[in-house]
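These are my notes from a first look at one structure.

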Amino acid sequence: MSAKTTALIALEEKYGAHNYHPLPVALTRGKGALVWDANGKKYFDFLSAYSALNQGHNHPKIVAAAKAQLARLTLTSRAFHNDKLGAFLKLLCETSGMERALPMNSGAEAVETAIKAMRLWGYRSKGVDQDRAEIIVCEGNFHGRTTTIVGFSSDEDSWNGFGPATPGFVKVPFGDADALKDAINANTVGFLFEPIQGEAGVIVPPPGYLKKARRLCSTYRVLMCADEIQTGLGRAGAMFACDLDGVKPDLFVLGKALSGGLYPVSALVGSDEVLGLFKPGTHGSTFGGNPLAAAVGEAALRVLLAEKLPARSARLGADFLKRLKTLKHPQIKEVRGRGLMMAVELNIPARPLVLDLMARGLLAKDTHENTVRLAPPLVITEAQLDQAFRILSAAIAALPQ
Ligand SMILES: *Cc1c(COP(=O)(O)O)cnc(C)c1O
């Protein structure tokens with residue numbers, strides 16, 4: 001490690017809370033699928049900030065929209081209207097085939113908004129008795145880091161030490177439609193799920209699962225709420241991962257790539273029947289839907305559409321996955337994914353592989369001990385993917401037998 005990198009890392013270590021375990025690299029610049037560290041070394045970014053950078057680092061169109069807006073007006077609060085929010089919400093609703101959207105900032109805030117929306121709908125529309133609403137979630141879920149959300153996590157590092165957990169959540173195994181059916185009762189207001197579990201290690205449910213879940217939710221009047229913060233906006237090879245199964249949920253939770261990585265922008269999107277229940281005073285956020293966020297969000301969506309990034313993700317991802325599956329090594333347990341959301345699961349801890357990949361010029365992150373997630377920006381070129389594949393195959397060949 002260079003002296004520069006060591007000094008940058010030491011500063012963070014000394015003054016920051018240690019709530020992350022980053023790779024020992026300090027980045028200073030990015031462009032498209034590439035980033036550079038403090039010494040000018042170049043890397044392929046195969047994490048994309050957990051899929052916030054689907055449009056690539058510093059996309060010129062999104063940067064231009066941000067700069068123009070920065071020079072005019074950044075924050076009004078929702079106490080006043082502004083000239084940017086409406087157009088963003090319209091494009092967001094048209095892109096998702098929904099009727100209304102509620103803008104927030106972080107993904108966790110949008111999930112909290114979804115939880116509130118489902119409960120409100122349960123009381124006002126389904127007729128559930130006060131304070132009895134139940135929301136079904138999946139084992140292995142990741143929906144963010146607020147106290148309510150970690151309260152229904154099955155990952156011990158996430159929940160242990162942060163109780164008491166908020167009541168009103170029921171966990172079922174992911175991918176098991178019968179378990180979902182058994183968990184539904186008269187108080188069930190929503191089913192909150194990831195169409196592909198990202199943080200759990202890119203877990204793809206069995207074929208037909210989402211269709212069955214859709215049918216159950218419709219039959220028993222339960223809101224189907226897809227957390228597509230990571231899978232959505234092109235990542236899994238469609239605008240929404242639910243599209244891959246021909247399923248339309250009642251609610252989408254979006255974040256991450258909704259700003260292309262420039263700024264925290266998230267939203268809950270859904271029907272008028274649900275989002276229309278919020279009245280003044282029932283929910284809000286000082287920064288949510290501010291003109292800078294709206295300008296950036298609109299530009300980020302326009303880039304996804306104009307550059308057809310969902311289709312690009314499907315094509316490049318299918319090709320890359322096929323090539324990954326040709327890699328033979330006794331320590332490879334499984335290679336899986338959809339679109340440019342892929343993972344290699346090993347029989348051994350993945351951290352050494354990730355460190356070796358870093359040395360070879362590719363940044364990826366280990367998750368759940370043995371898995372490496374591979375998720376480059378969707379704008380990555382075919383030539384860059386060829387180079388990245390060579391790096392991966394060399395690093396995997398160098399693993400202990
Ligand atoms: C990242 C993520 C979140 C949380 O988003 P933050 O912006 O970190 O709060 C929620 N759900 C899923 C599926 C995510 O991947």
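I count a polar contact as a pair of N or O atoms within 3.5 Å; within protein, one atom must be able to donate a hydrogen and the other to accept it, and residues adjacent in sequence count only if both atoms are side-chain atoms. The model is predicted, so I take local features only at pLDDT of at least 70 and side-chain atom pairs only at pLDDT 80 or more, while totals for chains, interfaces and linings use all residues. Residues are numbered from 1 along each chain as its sequence is written, and side-chain values use heavy atoms, with hydrogens and water left out.

A backbone N or O atom of A108 lies 2.8 Å from a ligand oxygen. D227 places a polar side-chain atom 2.7 Å from a ligand nitrogen. The ligand alone exposes 380 Å², and the protein buries 81% of that (Shrake-Rupley method, 1.4 Å probe; for residues, only the protein chains shown count as cover).

Which residues surround the ligand? I list S106, G107, A108, F142, H143, G144, E194, D227, I229, Q230 and K256, a residue being near if one of its heavy atoms lies within 4 Å. By class this shell has 3 nonpolar, 5 polar and 3 charged residues. Ala, Val, Leu, Ile, Met, Phe, Trp, Tyr, Cys and Pro count as nonpolar, Asp, Glu, Lys and Arg as charged, and the others, Gly among them, as polar.

**Empty space**

Rolling a probe the size of a water molecule over the atoms shows where empty space is left. On a 1 Å grid over the protein atoms alone, a cavity is a set of points where a 1.4 Å probe fits but cannot get out; a pocket is an open set with protein on both sides within 12 Å along at least five of seven lines, and lining residues have an atom within 4 Å of a point. Points are joined across faces, edges and corners, and a volume is the space filled by probe spheres set on them.

How many cavities of 30 Å³ or more does the search find? I noted 1. The largest cavity holds about 40 Å³, and its lining includes N141, F142, H143 and G144.

I then took the second largest pocket, with a volume of about 480 Å³. It has 20 lining residues, and R78, L89, A101, L102 and P103 lie nearest its centre. The elements giving two or more residues to this lining are α4 (85-96) and β4 (100-104) (DSSP runs numbered from the N terminus: helices are H or I, at least four residues; strands are E, at least two). β4 gives the most, with 5 residues.

**Single residues**

L91 is in helix α4. Why does L91 count as buried? Its relative accessibility is 7%, and buried means under 20%, exposed over 50% and partly exposed in between (1.4 Å probe, protein chains only).

H329 sits in the loop between α13 (309-325) and β11 (332-338) and is buried, at 9%. A polar atom of the H329 side chain lies 3.0 Å from the backbone nitrogen of Q331, and the side chain reaches the backbone oxygen of L399 at 3.2 Å.

E369 is exposed, at 55%.
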